[in-house]
Amino acid sequence: MSATNETHGLWEATATGAPSTSRLRGQLTADVAVIGGGITGLSTALHLAEQGAKVIVAESYGIGFGGSGRNVGLVNPGMWVKPDDICAELGEEDGERLITTLGAAPSLVFDIISRHQIDCEAVRNGTLHCAVGKAGLREIEDREAQWRRRGAPVRLLDAGETARRTGSTAFAGSLLDERAGTIQPLSYVRGLARAAETAGAQIFTNTTVDSAERAGDRWKLGTQGGSITADWVITATNAYSGSLWPALQNEIIPLFYFQCATASLPDELRRVILANREGLICTRTVITSLRTDAAGRLIFGSLGALRNVGSAVHAAYAKRSIERMFPALRDVQFQYEWFGKIAMTPSHLPRYHELDRQVIGFHGYNGRGIGTGTVFGKMMAGRILNPNLELPLKATLPQYASMRRLRAGYYEAGSVLAHLL
Ligand SMILES: Cc1cc2nc3c(=O)[nH]c(=O)nc-3n(C[C@H](O)[C@H](O)[C@H](O)COP(=O)(O)OP(=O)(O)OC[C@H]3O[C@@H](n4cnc5c(N)ncnc54)[C@H](O)[C@@H]3O)c2cc1C
């Protein structure tokens, strides 16, 4: 199945049904208007509606259209940036607050899944951060030391144990993080939407907010079919931000990530390759991810967009990599291919903005958005209900990412070159 900007590959084929939603029509009012129907927007809506607030969510396409319905489904704690580097960037106190918040994010995700009985192939058996070569080993040893100092349940596995768990001898060792797990991401975000609706939120799809203006003390958001007047506005548009608040779009460097999924593996291989269903990421500069789904398909991911010359180059690289890691898997064919946009920031850390009076949003998750979006959504709900609540990031104004188009093009071309070679 070929990939386009609109397709969600395997996740669309196997997700639970989306709740029935429609396009917004007429002049509506709410306490809070949420722009964006991904994990962040729907977590905000859920936590606000549970506290009795009147919330309306507007989504340009369908629920989970953006990164939320396309990602790898690795529910990882923290960010890619190592804990000590977060402290170096934000300062000790703010850094540790963010690390603690995001370290606990997978627990919030799995709690919500269990509390709202979200059917999303949830498995909490950890993530294996696999070391490639000696440099890779040094990298995971450093990560282990930094997380251990903070009391996190992480442990190093030697090459033998890593081979036993992954089914591949390609790695020099791995770091197992037991806080992590995997989900079917589109089912998760649709489940969040269902839970938010049950709590009383209204969700409109095929509804782009194309204007935002003050109306007395409130905000009036314009859409093609009507408007929402609300006290508060949440911007939850991340890598898929459009021109509504150009500053949000301009602070992000879009980075593409693709995935290819095989047919269900035969039972004898399912018993060997990631049999325990951990998620897998590796220490390569051009990162690779691997996981399986409930039907035993193997899902390979790496940087790049499946478009133009990238389509053939990345899929061929995925095939070669799988065959190299798992020699028993010969002439592998893919049933599904898809890709999406990650919101990178120059510091590789997320940002919190108060764009205007009572217009707030977290952005720039740098490829770690399942736990991050869920926890930040809950925190924004808390912030609206209690203006004194301290958030894990200080409010900043969006900063223009210099040469963003050039850098985006460089990464896209660079991933093609790296995978070609
Ligand atoms: C391929 C890929 C793999 C990834 N893998 C992982 C992973 O394994 N683990 C992990 O934690 N994170 C991963 N991420 C990151 C994660 O998916 C995102 O950070 C997260 O989904 C962002 O959620 P969100 O709700 O903030 O934004 P999104 O899910 O991107 O939602 C934003 C929504 O806003 C809508 N929108 C934009 N403008 C408007 C408007 N004007 N009016 C109405 N709606 C609008 C868009 O249509 C979109 O649906 C991955 C991302 C990608 C793309």
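This is a predicted model: local features need pLDDT of at least 70, side-chain atom pairs count only at pLDDT 80 or more; totals for chains, interfaces and linings use all residues.
Modeller: Residues are numbered from 1 along each chain as its sequence is written. Local features need pLDDT of at least 70, side-chain atom pairs count only at pLDDT 80 or more, totals for chains, interfaces and linings use all residues, and side-chain values use heavy atoms, with hydrogens and water left out.

Biologist: What is the distance from a nitrogen atom of the ligand to a polar backbone atom of Leu74?

Modeller: That distance is 2.8 Å. A polar contact is a pair of N or O atoms within 3.5 Å, so the pair at Leu74 qualifies. For Val72, a polar backbone atom is 3.1 Å from a ligand nitrogen, and for Gly367 the value is also 3.1 Å.

Biologist: How much of the ligand's accessible area does the protein cover?

Modeller: The protein covers 95% of the 1,000 Å² that the ligand has on its own, by the Shrake-Rupley method with a 1.4 Å probe.

Biologist: What makes β5 and β16 edge strands?

Modeller: The open sheet has eight strands in the order β5-β6-β4-β13-β14-β15-β12-β16, with mixed pairing. Strands are DSSP runs of E, at least two residues, numbered from the N terminus, and two of them pair if DSSP finds at least two bridges between them. β5 (154-157) and β16 each have a single partner strand, so one side of each is left without a neighbour in the sheet.

Biologist: Why are β12 and β15 called paired?

Modeller: Strands β12 (residues 253-264) and β15 (residues 297-303) share six bridges in the antiparallel sense. Pairing needs at least two, so they count as paired.

Technical notes
A polar contact is a pair of N or O atoms within 3.5 Å; within protein, one must be able to donate a hydrogen and the other to accept it, and residues adjacent in sequence count only if both atoms are side-chain atoms. Helices (H or I, at least four residues) and strands (E, at least two) are DSSP runs, numbered from the N terminus.
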